[in-house]
Amino acid sequence: MSTQSWFAEAKLGIFVHWGISAVRGIAPPRAYEPGRISYQEYMEQLHGFTAARYNPDTWAELFARAGARYAVLTVKDRDGIALWDTTTTKRSVVTATAARTDLVRPFVQSMRRHGLRVGFYLSPSDWSDHALTTSRPSHPSIPVRESEPADPPHDSGLSASVAARRQAHELVENYRPDLLWLNSSPTDGQGRSWPTELPDTFAALNAQTTITEQLEDHGDHDTPTVATSIVPADGAWQLCYPLDTTNASQWTGTHQLALNELIGVFADTISAGGNLLLKTSPHEDGTIPPGHFMQLTALGNWIRRNYDAFHTTTPSLPYGHYDGPSTLSQDRRTLFLICTRTPPGPITVRGLRNTVRRAYILSTGAALSYQVTNGLPAWGIPHVIHIEPPATPNIIVLELKGELDLSQPSA
């Protein structure tokens, strides 16, 4: 599967986690998580899902204003409820909820009208299939008795694996997604595997679809959630991060990330070569929570003021050369040092062989003074640059003489 250049250059995406879980804020548990909630209790949310105020053009305008280049919609979560008019199951918002309409097609059309790439989040695992053959009580103290076939049937009579492959065909043929995020355990906890050939199925249907997963060796790119490895993945990847720390399916407004926290996560991610995929969870009626609206708007304003440091840049200084995130212009002659907090003292860059032409604040153009001192030659660090700290969190630009040339510290 080929790596698509648009994904490597996107920097920011929005993950819209939406479905019947928005009614009461009850996320669909994995099939092997005993005691959290019964299948019947969870599915009662079907009756309250209306999408009555769903306006994907409003979503797209907000996402574009935030600086996002793509948006990913949950087309089917672990509960098995499809957001499109699928022929593979009766468990869709079209047939089983008050929404009574395909929610995927208008999403695709609106995102593309506003210049955003379109992604789908799809869970091949389906709690509904599991529940057809499982008696699961809602209280954790009650023992669970289970007896299941290896590949339980869908309500359509198809086996789960066949239904999953048919859904792949429907999604690609009807909507032509630019990205697909397959998020599932390779087994459901009972030893059953979902069809791991799905990535290849999607690639065969549309070679232009970028595949991201949380499974090793099954996709083009990795998608960690909330936290990343100290050593970033090779090539492009994305970090899924919630706009509020509850990571819930229903917005509460009590644990929203502050703007400086969002900036910090964004800067850390892109400086390590990844895209930040910010998660929002709309209400059941389709409206974006007002807190998320304000967060994305504020982030977009900040990105626009500092556009040159993010788009058309690459990861820059390795750890040890600068204590923070940084990026590098494509001609490798301009360094962007991202200060997400007010520095307590001078900004230090170690091991830079280049002469610095000038240093200034990106958003204002205000010049910053700097000094060059002797480094640690025995450690492979010829000199150290000490830059006047900005008064507030900001981005420092270093214009270099020649392309970036770093010394390699000795062991």
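Me: Where does threonine 340 sit in this predicted model?

Reply: Happy to start there. In this predicted model, threonine 340 belongs to the loop between strand 13 (334–339) and strand 14 (347–350).

Me: Is threonine 340 buried or exposed?

Reply: Buried means under 20% relative accessible area. Threonine 340 has a value of 15%, so this residue counts as buried.

Me: Which residues does threonine 340 contact, leaving aside neighbours within four places in sequence?

Reply: Its partners are Asn260, Ile263, Gly264, Ala267 and Pro393.

Me: Let's turn to helices. How should I describe two packed helices?

Reply: Two packed helices are described by the angle between their axes and the distance between those axes. Here, helix 3 (residues 56–65) and helix 10 (residues 290–305) pack at about 40°, and their axes are 8 Å apart. That angle makes helix 3 oblique to helix 10.

Me: Which residues of helix 3 and helix 10 meet?

Reply: Helix 3 brings Leu62, Phe63 and Arg65, and helix 10 brings Phe293, Leu296, Thr297, Gly300 and Arg304. Sorted by class, this contact has four nonpolar, two polar and two charged residues.

Me: What does arginine 65 touch, beyond residues up to four places away in sequence?

Reply: Arginine 65, a residue of helix 3, touches Phe293, Thr297, Gly300 and Arg304. The C-alpha atoms of arginine 65 and leucine 296 are separated by 7.9 Å, although the two residues are 231 residues apart along the chain. Arginine 65 is partly exposed, at 32% relative accessible area.

Me: What follows helix 5?

Reply: Glycine 115 does, and its phi is positive, near 80°.

Me: Which residues line the largest cavity?

Reply: The lining consists of His17, Trp18, Gly19, Ile20, Ser21, Tyr42, Thr74, Asp77, Asp79, Ile81 and Leu83. By class, the lining of the largest cavity has five nonpolar, four polar and two charged residues.

Note on methods:
Residues are numbered from 1 along each chain as its sequence is written. This is a predicted model: local features need pLDDT of at least 70, side-chain atom pairs count only at pLDDT 80 or more; totals for chains, interfaces and linings use all residues. Side-chain values use heavy atoms; hydrogens and water are left out. Axes are lines fitted to C-alpha atoms, for helices over the stretch in contact, and angles run from 0 to 180 degrees between N-to-C directions. Helices (H or I, at least four residues) and strands (E, at least two) are DSSP runs, numbered from the N terminus. Angles under 35 degrees count as roughly parallel, over 145 as roughly antiparallel, 65 to 115 as roughly perpendicular and the rest as oblique. Contact means heavy atoms within 4.5 Å. Ala, Val, Leu, Ile, Met, Phe, Trp, Tyr, Cys and Pro count as nonpolar, Asp, Glu, Lys and Arg as charged, and the others, Gly among them, as polar. On a 1 Å grid over the protein atoms alone, a cavity is a set of points where a 1.4 Å probe fits but cannot get out, and a pocket is an open set with protein on both sides within 12 Å along at least five of seven lines; lining residues have an atom within 4 Å of a point. Buried means under 20% relative accessible area, exposed over 50%, partly exposed in between (1.4 Å probe, protein chains only).
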